[in-house]
Amino acid sequence: QVRLVETGGGSVQAGGSLTLACAISESAYRRACMGWFRQTPGKEREGVAGLYTDGESTHYSAAVKGRFTISKINANNTIYLQMNDLQPEDSAIYYCAKQGITYRFRNCGDWTRFNVWGQGTQVAVSS
């Protein structure tokens with residue numbers, strides 16, 4: 001069974017930084033598209049960043065590109081989301097996610113392919 005466990009959410013003032021971590025069950029980590037999503041009440045969940053655990057490519061939404069960085073430490077089966085210059089509009093529940101199906105043509109930036117979710121962690125940014 002795949003387990004995704006997020007940590008690192010919290011409250012910060014505008015302009016501040018937070019780092020989220022997602023620990024992934026070992027059997028699910030290798031050769032996987034992993035990503036971060038966020039959701040606010042009344043809105044659809046949106047993709048924020050994605051990567052391939054066995055490669056170096058990364059993908060970002062336009063809203064966070066240049067401010068957020070997705071990374072991984074393979075030895076720990078963990079991915080991270082470093083969030084800089086946070087703004088009130090970044091406030092949301094952030095979810096770690098995995099593409100549960102292996103596609104013939106990999107695209108870790110295709111947000112519609114993510115279908116395995118963590119429990120989420122709250123990020124609140126005050127102005």
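**Exercise 1.** Over the ring of which residue does the charged end of Arg45 sit?

*Solution.* First, some ground rules: this is a predicted model, where local features need pLDDT of at least 70, side-chain atom pairs count only at pLDDT 80 or more, and totals for chains, interfaces and linings use all residues. Residues are numbered from 1 along each chain as its sequence is written, and side-chain values use heavy atoms, leaving out hydrogens and water.

Now the test: a charge sits over a ring if NZ of Lys or CZ of Arg is within 6 Å of the ring centre and within 35 degrees of the ring normal. The ring is that of Trp117, with the charged end of Arg45 4.4 Å from its centre. Arg45 also lies over the face of Tyr95, 3.8 Å from that ring centre.

**Exercise 2.** Work out which residues share an aromatic cluster with Trp117.

*Solution.* Start with the pairing rule: rings of Phe, Tyr and Trp (its six-membered ring) pair if their centres lie within 6.5 Å, with planes under 30 degrees apart stacked, over 60 edge-to-face and the rest tilted. Four aromatic pairs turn up across the whole structure. One of them, Phe37 with Trp111, is edge-to-face at 5.8 Å centre to centre and 80° between the planes.

Next, Phe37 and Trp117 pair edge-to-face too, at 4.9 Å and 80°. Put together, the cluster holds Phe37, Trp111, Phe114 and Trp117.

**Exercise 3.** Is Phe37 buried or exposed?

*Solution.* Buried means under 20% relative accessible area, exposed over 50%, partly exposed in between (1.4 Å probe, protein chains only). Phe37 has 3%, so Phe37 is buried. Trp117, at 31%, is partly exposed.
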